[in-house]
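Here is a short briefing to read alongside the model.

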Amino acid sequence: MRIYLYVLAGITSALIGWNLGQFFLTDQGILKQFPEVILFPCIAISLSIGMVLTEIFISNPTRPKLNLRIAWRSLSLAAGLGLLAGLIAGGISEILFLPQIRVPTPIVRTLGWLLIGGSTGITEGETWRWRSIEAGDRKRFRQRRLTSLFGSIAASLTAALIFEILRQLIGKFPPELKGVEDPIGFSILGLLLGLVFSVSTSPSYMVALRAGAGFEYTEDNIFDSNDQSRPTPQYPTIETKESRLKFVTDSDAERIEEGLSIQLPPKGKIRIGSSVKAHIRLPDLPSYIADLELKPRQTLLVPNPVLFKTIEVNGERLSSRKSVSLKHNYVLTFYPQDKWVENEQKFFRFVYYNRFLDPQA
């Protein structure tokens, strides 16, 4: 669904920009002798705004009013960068079209599309810092910005190549189709930009566990450190070095508390238990109760083969040692062993997210 929405938004934005440019050129008669100076800015602005709006509303589909309230700054930058890039692309194109220079049309078109697509990628990457607390991670922000830029450049080059191949295969467009040649080309550009952004902006590889019920009793769960029969640590916490775990909203936190979210690495194995060797360390649990195996686009819950009955997924107790493929909003509940507690009133519950848990979302 995400891909379809992005592709539709890309095509629609490109066509809106093209029609807006035609309105200024034909209906208003503005700079008819320099059409690219009008057409390219309209398309660049429309694509930039369209891609940013699409990302905002797909990330927060249930809060349209909040989206509009926080979107104005991103859209202002999108319009500004689109206008600047469009004017540069249009100006360069008009210069290269001069008979004294005689640069081949495919090269001029490719350069113009490259500037339009690149400006869209820059806009999406730069405005992301205002839409997500995740952008506070400099490494992640830099990665997102470069991914958007290089992805949009690749999409623009591919669109130009496809369009030129299409022209070679069918020859020059017949006279009756001459008016739709540009819309077809820009539709291909918008389609590929939407396809690229649907992948490059996808947060599905950023996974998190949000602490829920059970962690509000942190102080009550502390036990006697002199009792060597009990595992450590004395309060719920995470290992932050080798596993690359960290709290999303409070990097200085030392313990897991209700409402805090733990960002998981994109790949690797995370062990859950009470042992000091566990990555997510929960008191009163067995030393090893389960692993999270993180793979691209997939996370598996692998229970301890002899303790699977102490785990619930979405309120249902596991009935076998088989791995469970986790999906967005799955609820994981871990119970301690009976020999450590008198009943099962003590437990730890997480909500799994395969889209990054963003407090601004």
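A contact here means heavy atoms within 4.5 Å. With that in hand, please keep in mind that this is a predicted model. The chain has 361 residues, and 48% of them are buried.

**The chain as a whole**
- Six helices and 13 strands make up the secondary structure of the chain.
- If you take the contacts between residues at least 6 apart in sequence, 62% of them join residues at least 24 apart.

**A look at Ser198**
- You will find Ser198 in helix H6, which covers residues 181-200.
- Ser198 has a relative accessible area of 3%; buried means under 20%, so Ser198 counts as buried.
- The Ser198 side chain reaches the backbone oxygen of Leu195, at 2.6 Å.
- Setting aside neighbours within four places in sequence, Ser198 is in contact with Arg2, Ile3 and Tyr6.

**How H1 and H2 pack**
- Two packed helices are described by the angle between their axes and the distance between the axes.
- For helix H1 (residues 2-27) and helix H2 (residues 35-59), the angle is about 150 degrees and the axes are 8 Å apart.
- Angles over 145 degrees count as roughly antiparallel, and therefore H1 and H2 are roughly antiparallel to each other.
- The crossing of H1 past H2 is right-handed.

Terms used: Residues are numbered from 1 along each chain as its sequence is written. This is a predicted model: local features need pLDDT of at least 70, side-chain atom pairs count only at pLDDT 80 or more; totals for chains, interfaces and linings use all residues. Side-chain values use heavy atoms; hydrogens and water are left out. Helices (H or I, at least four residues) and strands (E, at least two) are DSSP runs, numbered from the N terminus. Buried means under 20% relative accessible area, exposed over 50%, partly exposed in between (1.4 Å probe, protein chains only). A polar contact is a pair of N or O atoms within 3.5 Å; within protein, one must be able to donate a hydrogen and the other to accept it, and residues adjacent in sequence count only if both atoms are side-chain atoms. Axes are lines fitted to C-alpha atoms, for helices over the stretch in contact, and angles run from 0 to 180 degrees between N-to-C directions. Angles under 35 degrees count as roughly parallel, over 145 as roughly antiparallel, 65 to 115 as roughly perpendicular and the rest as oblique. A crossing is left-handed if the near helix is turned anticlockwise from the far one by less than a right angle, and right-handed if clockwise.
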